[in-house]
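Q: Got a model here I'd like to go through. Can you take me over the main features?

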Amino acid sequence: MATKDQTPAPVSHKAYKGFVAGVFSGVAKLCVGHPFDTIKVRLQTNPRFTGPWQCLTQTIRNEGIRGLYKGASPPLVGWMFMDSIALGSLNVYRRLLRDNLFNPPWHPLHDPTRPLPSHGHGLAGIMAGATVSFVAAPVEHIKARLQIQYAAKKAERLYTGPLDCLAKIYRHHGVAGVYHGLGATLLFRSSFFFWWGSYDVFSRLLREKTSLGAAAINFWAGGLSAQVFWIVSYPSDVVKQRIMTDPLGGGLKDGVRRFPRWKDAAVAVYREQGAKGYWRGFLPCFLRAFPANAMALVAFEAVMRSLPE
């Protein structure tokens, strides 16, 4: 077993490292997590499924294994950019907060060895979440609309693929249509405070209390912190998905819009299913959170360590 590493993980001074490492994180996350995400979105947006197992079996029976990867093209490209921006900006914000707020060099009590506190990592998470939302909102919007197309034949679907979906939405609703759900995305990603704050807490505890090596620490801290994040943020994700799959109307002729405001979608969830509606689809999401994000953080931290300072 690897020897214990008691030193805190440093915040890199090289801004490019986080952006490069984030690309590898995005690829790892998609490969492991997209089938879980498809089940989650379908449970969140369609009451015809009684649970995750029925949704899984019906999807495979009617659409094959490829049905679980519907809408995977946008996040394959999108998550590479999203994780690159999210984790790259996270690394930048960590350094800015440490050097300008928590441990500025000009302060008489400045200590160059003092790490950023856990709530500092959480604040950096909020800032990174807001930054990446401007990339994540259109990617997740297109992905969600593709995931709720249940027809096995392409000819029977409104959208034949991600580019067709993007083009049709833009043609009839412009940039505002493409960014439908941006406000809900910003609210949802503000919970990155809990993800990155808890990631630092778990990482410190594992370094201090175990003899695990760096990769194992990244795996366990990444998986556990992702589950903390989803427990806190899941109800807002349910509302976000309702907004993103709400008909846009107009020239698309996909139905009548139901949720002009975030509050309207939140009330509709409660009215239709009660408080448990905010947790519909939570199980596949929770099961996905650990392996997908654990592997993503292992990939991210491994690349961060391998790149030159």
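Predicted model: local features only at pLDDT ≥ 70, side-chain atom pairs only at ≥ 80, totals over all residues.

Q: Start with residues 116-205: how far apart are the end C-alpha atoms, and how much of the span is helix?
A: The ends lie 15 Å apart, and the span is 77% helix and 0% strand. Helices are DSSP runs of H or I with at least four residues, strands are E runs of at least two, and both are numbered from the N terminus.

Q: Which residues does the "repeat: Solcar" annotation cover?
A: In the unreviewed UniProt entry it covers 13-96, 116-205 and 213-306. Such annotations may be inferred rather than shown by experiment; positions follow the numbering used here, and feature names are shortened.

Q: And 213-306?
A: That stretch is 72% helix and 0% strand, with its end C-alpha atoms 15 Å apart.

Q: New topic. Where is Asp 246?
A: In the loop between α8 (214-244) and α9 (262-273).

Q: What is the nearest side chain of opposite charge to Asp 246?
A: Arg 257, 4.1 Å away. Asp 246 is buried yet has no salt bridge. Buried means under 20% relative accessible area, exposed over 50%, partly exposed in between, with a 1.4 Å probe and protein chains only. A salt bridge needs a side-chain nitrogen of Lys or Arg within 4 Å of a carboxyl oxygen of Asp or Glu. For charge, Lys and Arg count as positive, Asp and Glu as negative; His and the chain ends are not counted.

Q: Which backbone nitrogens lie by its side chain?
A: A polar atom of the Asp 246 side chain lies 3.0 Å from the backbone nitrogen of Arg 258. For the backbone nitrogen of Phe 259, the distance to a polar atom of that side chain is 2.9 Å.

Q: What about Lys 253: buried or exposed?
A: Exposed, at 76% relative accessible area. Lys 253 sits in the loop between α8 and α9. Its phi is positive, about 55°, although it is not a glycine. Most residues other than glycine have a negative phi.

Q: And Ala 21?
A: Ala 21 is in helix α1 (residues 15-45). Ala 21 is buried, at 0% relative accessible area. Leaving aside neighbours within four places in sequence, Ala 21 is in contact (heavy atoms within 4.5 Å) with Phe 300, Val 303 and Met 304.

Definitions and conventions: Residues numbered from 1 in each chain as written. Heavy atoms only, no water. Polar contact = N/O pair within 3.5 Å; in protein donor to acceptor, adjacent residues only side chain to side chain.
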